[in-house]
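Welcome, and thanks for taking a look at this one with me. Here are a few notes to read alongside the model.

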Amino acid sequence: MTCASCVSRVERALKKVPGVTDATVNLATESARITFTPGEQMEARLRRAVRDAGYEPRAADAAVLAADASAWAGFAPVATGLALSAPLVLPMLGNLFGLHWMLPAWLQFALATPVQFVLGAHFYKAGWHALKARTGNMDLLVAIGTTAGWALSTWLWLTAGPGAMVHLYFEGSALVITLVMLGKWLEVRAKRQTTSAIRALHALRPEVAHLIGPDGEVEVPVAEVLAGDRLVVKPGERFPVDGVLLQGHTQVDESMLTGEPLPVEKQAGTDPLARLTGGSINGDGRVVMQVRAVGSETVLSRIIRLVEDAQAAKAPIQRLVDQVSAVFVPVVLLIALATLLGWWLSGHPFEQALINAVAVLVIACPCALGLATPVAIMAGTGVAAQHGILIKDAQALELAHKVDVVAFDKTGTLTVGRPRLTALHAAPGMAQDEVLKIVASLQSGSEHPLARAVLSHARERGVGFAAPDNVRAVPGRGSEGEVGGRSFLLGSLRWMDELKVDTRAMAAQIAALQAQGATVSALAERNTPGLTLRALMAFGDEPKPGARQALAALRARGIRTVMISGDNQGAAEAMARRLGLRPEAGEVMAEVLPGDKAALMASLKDGGAQRSARRGGHGAPHTVAMVGDGVNDAPALAAADVGMAMGNGTDVAMHAAGITLMRGDPLLVAAALDISGRTVAKIRQNLFWAFAYNVAGIPLAALGFLNPVVAGAAMAMSSVSVMGNALLLKRWKPGPS
């Protein structure tokens, strides 16, 4: 594809295929994302539709593979065009120095004709397909404009009298084609740089793995590795797939996946320290790993898919550009016709009228317009991925810079997420170890952070526990089950209040623990009189390193920060103060059930309008970002304007969010908002320059101030300048804050 008009043409062709519900085409990546109902030979039908529209269908990864080509790949036709056009241009340069020489007309014809019809053949082919589809594109404009210049020169030469010296325009048509080809070649080179993030991720995949088989260690292709296999990874090698460490101790460089420069310690048997990610680099230890995920299920494959989808996505603003481009070429053709007739009918020579019309056709090519948005998105999402910020869709990228409220889940997002059991108070008649055994048994099948804290404490104390019977989880409240024939409930104090459990006997301990900022849970036993309180447990967590600085950085940007927690008010406020939040300013929302988080997003969005209405004004709703890591955060992540999932969290959260922070570092939130703002700024700058070239260039060409050669150079430079401006994003780095 060559310009924005091509995009709309291919989209229309794909949408006409029976079974296709949606098709989005991206000029910068030269790719299509198609939604369709499964049908027989659907891929063949889609390829046929692309070919019938006048384009060559390619494999999905062709752009990435082509990017590995030499920096000078594809330059041969441009070099040929320059070599043939140079002798035609030299007399023009000579005139500047008072030298007057002119190539014979037959030689000018011989040099210009191969450029026009051999090197420029693809302009005719693509322009013809556009005409058949009753649309226009860049190729049609170039083909019509340069053919007019070539034909006028040929006619003047053949009709000139013997010995007459006539001014020919072969150099204009030849040089315009050469300059357009040069501009497209420079675009391709720039595109290779915008896809560097994808290529770097593909390069992380090793070709072979060292498999421990029945006959010892053997090398096998990574594509043949199966889940459950045991692999040896030597010092300095990349881990071929995802898995867990079985034997050994090492340091792992995960910088290409997370952006974190420091190696991470890994040791066998300790989750999450035993988790290994394919593509990361083993340090100085020879280790044995067990494979957990292969192929498209690995973290690296999912990251590559996310980046590819984000780079191929179409931002909402681009849809407006595509609508403009669809009518742009027909309008330009009318302007060129009006220029021709206007100059000719006003008494000027026909050749001058035609040259001015050709200049209009050449300078008006909408290449820059089609590239302005996608190249900025490619560069922005690519550099963000290199620093551990995965932007899943263009809409999240375009919205993030408008965010003025950021809501954080507490556990695992602002805190480490590995709470410890700090206190256990048994009711009279119950021993501590007996209570610990009951609680550990109830929690033995749970993955909740508080459950893991209980189990860890039980193991440290050497207290044995068994699987419970008839266990039932009550979302947002706790769980109940039977241990040793007795029925118990374990959960929050709020749940105990709802169930009318009498907690007055231990009210002093509850107040003391909450004053210390602990998360308090209670154990109750179901018996004949009802429910009896049997024990209290207090859990403590630690703020994540950098969480306080992250909140301060957002506040410095004028963004309101809010912490959402299911804890009681006292515990939530105590942690909030450690993080630098101000509960008195409404920055803490405690005792929030998982099911209420999505509704809370709606109230945060409307907060600005409601407060303004109370003052008699008309405030705009807020743009809200939600940052979370757990399954229970997924509805809120989807309900927020921008969802940000911590990469150390659950897959469900990452699927629901538009942005994933691979390091799980709160500092990346401000960085994600920053790269969004810079990318949107580049999109606006590119669109301004793309429109400016055409708005200024077309009238100048129509009024005769630009000849076709200058117009061709300006058109080529418009695309190159848009690409170059977008590539400045590659220098972005997250701020020190």
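1. Let's begin with L341, which is partly exposed at a relative accessible area of 36%; that label covers values between buried (under 20%) and exposed (over 50%), using a 1.4 Å probe and protein chains only. Please keep in mind that this is a predicted model, where local features need pLDDT of at least 70, side-chain atom pairs count only at pLDDT 80 or more, and totals for chains, interfaces and linings use all residues. Residues are numbered from 1 along each chain as its sequence is written, and side-chain values use heavy atoms, with hydrogens and water left out.

2. L341 sits in helix α12, and this helix, residues 316-345, gives four residues to the nonpolar patch, the largest share. Helices (H or I, at least four residues) and strands (E, at least two) are DSSP runs, numbered from the N terminus.

3. The patch on the surface is formed by L337, L341, W344, L345 and F350, with about 510 Å² of accessible area together. Areas come from the Shrake-Rupley method with a 1.4 Å probe.

4. Now turn to strand β22, residues 624-628, where five of five residues are buried. V624, M626 and G628 point one way, while A625 and V627 point the other.

5. Which strands pair with β22? Strand β13 (residues 405-409) runs parallel to β22, joined by four bridges, with V405 opposite V624. Strand β23 (residues 642-646) also pairs with β22 in the parallel sense over four bridges, and there M626 stands opposite G643. Pairing requires at least two DSSP bridges between two strands.

Terms used
Patches are made of residues with over 30% relative accessible area and no salt bridge: like charges are joined within 9 Å, nonpolar side chains (Val, Leu, Ile, Met, Phe, Trp, Tyr) within 5 Å. A salt bridge is a side-chain nitrogen of Lys or Arg within 4 Å of a carboxyl oxygen of Asp or Glu.
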